[in-house]
Amino acid sequence: MARAKNDFDLIVIGSGAAGGASALMAAGAGKKVALIEAHKWGGSSLNYTGVPMDALFHATHLLTEAAEGVKFGISSSNLRYNYPTINNWKNVAMRRAGAGSKKAFEDAGITCVKGRAHFLGSYQVGVNDVRLTARKILIATGAQPLDTGIKGLHDVNFMTPDSILDLIRPPRTIFVVGAGSTGCEVAQYFAELGTKVLVAEVAGRLLPKEDEEVGQVMDNCFNKLGIKVLTQSRVVALEKDSVSKKVIFMRGGQEKSVRIDEVILCTGSTPATDLGLENAGIKYGAKGIKVNKNLQTSMKHIFAAGDCIGGDSSTEKAVLEAAVAVSNLVHRPKAVVEYAGLSRITRTYPEVASVGATEDDCIRRDRKIRKVVVPLSTVEASNTSDFRDGFVKIITDRNRKIIGASIVAPRAGILIQEIAMAIRLGLYASDIADTPHIASDWGELIRIAARRLS
Amino acid sequence: MKKTKAYSSAALKQQILTDAKSLKIAEHWAETMADKTVKYVDDWIKDRGTVTEADINRVVHNQLKELNADLAYIYKNRGKIL
């Protein structure tokens, strides 16, 4: 019997890291796939948080490195930047990555539907005035900005990390609300462009999800850039102040305020779950759509992956979950997501990367550990590049099996992969210590740290 | 397939006012709540092609629960209260 035009094997809602990858994998397996996207094709990582931000940060970190060239005999007295060119570079990177384009999906034979998806039943999804049906559905709607509870937001034009991409020039002064991964990246980005930056964080340190040493090093780095860090500070309200803005915050039990040109909210995100999940009988909560270890929702033919199921927000996590979800969608649900070795990165300069358990996690769970912190200055690479801000920290259990690590160093995102693999393979500190590393490179720090632990 | 009907802000407002009247809520306050709620629903629905009545009731309940618990209760249990 001929199939109805709007009947598919699989509907994927969201074309970001999880949804886009899933749709391509499923189409590659011969399935008839419909892919629905409400905003830009490619989702957040191609259009907002990933590729464009990385391109911008690359440019500004180069600026910072070049400014330090004078001690190596490289003159940087006439160093300057052209913001439209930086912006244009970002657009080139996005275009090359396929941001905003559905071509790759259409070339794979996927039916692309632009519009906001809404469940009308457990096998039916409405988009605009069209109703699509499918035997299986994957929800990959990602996340949306968290409601901060800050008063006066509706009266004041505030920025979000996405809106950096629309700037035509950096502001003179900016107040960054939130010093998590995104907040720190954004704060340093603007400081490197010469903007006067204040950053406020409710917790007692920068990057509160990382260990204390990370926050201390970043605090030093930020001080060098002239960024004013306000920890244990909660922003309570925003007000218009002629052409500027006034930020009112609580610090030390007192209400304080500051006049600023721009405010940017980097306060995190919450899973996007407002798509009529009740109509399909899908259970969800404030932390996201509830899934089992096979990424099935409460309706067994409907799966979910990526930021919409909660947890840390990252492209790597989304892609990992996409592979498992598609395997379970195409075959019988047997694959389970294995998060061991999933790294986290903050693209500041120096980079911050971590994997596995943090010391704080272990203390909270009353887990006995061994740890070592090795400063960058221990290795030759620090001497030859004259770079000292950072360290490698490795955590093992009592038997010296590696369970976590934090690295603050140039190219930390590459260095952490060795530890990520060690965790995934269940290796011990001695396994790394006994492996020769290039003595003149940053990786030698990892060998030294492992040696001290073993 | 169930029959569809066009969403009407005016019809929703009238429904809220009728329910408010059944609870003996003061007229001016009912009017304020209805206007606020209808605006909220209009914003929510504007880029969604098709929704269910249950969706509308849920969204109305979410808005009304900040304004009047009794009225919100009606929308949470619409179709269940005899």
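# Briefing on a predicted two-chain model

Leu71(B) is buried, because 23 other C-beta atoms lie within 10 Å; a residue counts as buried with 20 or more such atoms within 10 Å of its own C-beta, as exposed with 12 or fewer, and as partly exposed in between, C-beta atoms being placed from the backbone. This is a predicted model, in which local features need pLDDT of at least 70 and side-chain atom pairs count only at pLDDT 80 or more, while totals for chains, interfaces and linings use all residues. Residues are numbered from 1 along each chain as its sequence is written, and chains are lettered from A and ligands numbered from 1 in the order in which they are written.

**Surroundings of Leu71(B)**

- Leu71(B) belongs to helix 4 (residues 69-76) of chain B; helices (H or I, at least four residues) and strands (E, at least two) are DSSP runs, numbered from the N terminus.
- Apart from neighbours within four places in sequence, Leu71(B) is in contact with Asp19(B), Ala20(B), Leu23(B), Ile25(B), Met33(B) and Leu64(B), contact being defined as C-beta atoms, placed from the backbone, within 7 Å.
- A distance of 21 Å separates the C-alpha atoms of Leu71(B) and Tyr7(B), which are 64 residues apart along the chain.

**Chain A as a whole**

- Chain A contains 14 helices and 23 strands.
- Its radius of gyration is 24 Å, close to the 22 Å that the globule rule gives for 454 residues, so chain A is as compact as a globular protein of that length; the radius is taken over C-alpha atoms, and the rule is 2.2 Å times the number of residues to the power 0.38.
- Along the principal axes, the C-alpha atoms of chain A fill a box of roughly 75 × 65 × 45 Å.
- Of the 454 residues in chain A, 46% are buried.
- The domain assignment of chain A gives domain 1 (7-42 + 100-144 + 270-330), domain 2 (153-267) and domain 3 (343-453), with bounds that come from an automatic or database assignment.
- The C-alpha centres of domain 1 and domain 3 of chain A are 36 Å apart.

**Nonpolar cores**

- The largest nonpolar core has 78 residues, and Val176(A), Ala187(A), Val263(A), Ile264(A), Ile394(A) and Ile419(A) have the most contacts inside it; such a core is a set of buried Ala, Val, Leu, Ile, Met, Phe, Trp, Tyr and Cys residues joined through C-beta atoms within 7 Å.
- Helix 12 (residues 412-424) of chain A gives the most to this core, with seven residues.
- Domain 2 (153-267) and domain 3 (343-453) of chain A each supply at least three residues to this core.
- A second, separate core of 53 residues includes Leu138(A), Tyr284(A), Leu320(A) and Val326(A).

**Helices 1 and 9 of chain A**

- Helix 1 of chain A is mostly covered, with 10 of its 12 residues buried.
- The cover over the buried residues of helix 1 includes strand 1, strand 2 (33-37), helix 2, helix 5 (103-107), strand 6 and helix 9 of chain A.
- Just after helix 1 of chain A, Gly30(A) takes a positive phi of about 90°.
- Among the buried residues of helix 9 of chain A are Leu320(A), Val324(A) and Val326(A).
- The cover over the buried residues of helix 9 includes strand 1 (7-13), helix 1 (17-28), helix 2 (43-47), strand 6 (130-139) and strand 18 (302-304) of chain A.

**Contact between the chains**

- Nine residues of chain B are in contact with 12 residues of chain A.
- The residues on the side of chain B that touches chain A divide into two nonpolar, three polar and four charged; Ala, Val, Leu, Ile, Met, Phe, Trp, Tyr, Cys and Pro count as nonpolar, Asp, Glu, Lys and Arg as charged, and the others, Gly among them, as polar.

How values were computed: Two residues are in contact if their C-beta atoms, placed from the backbone, lie within 7 Å.
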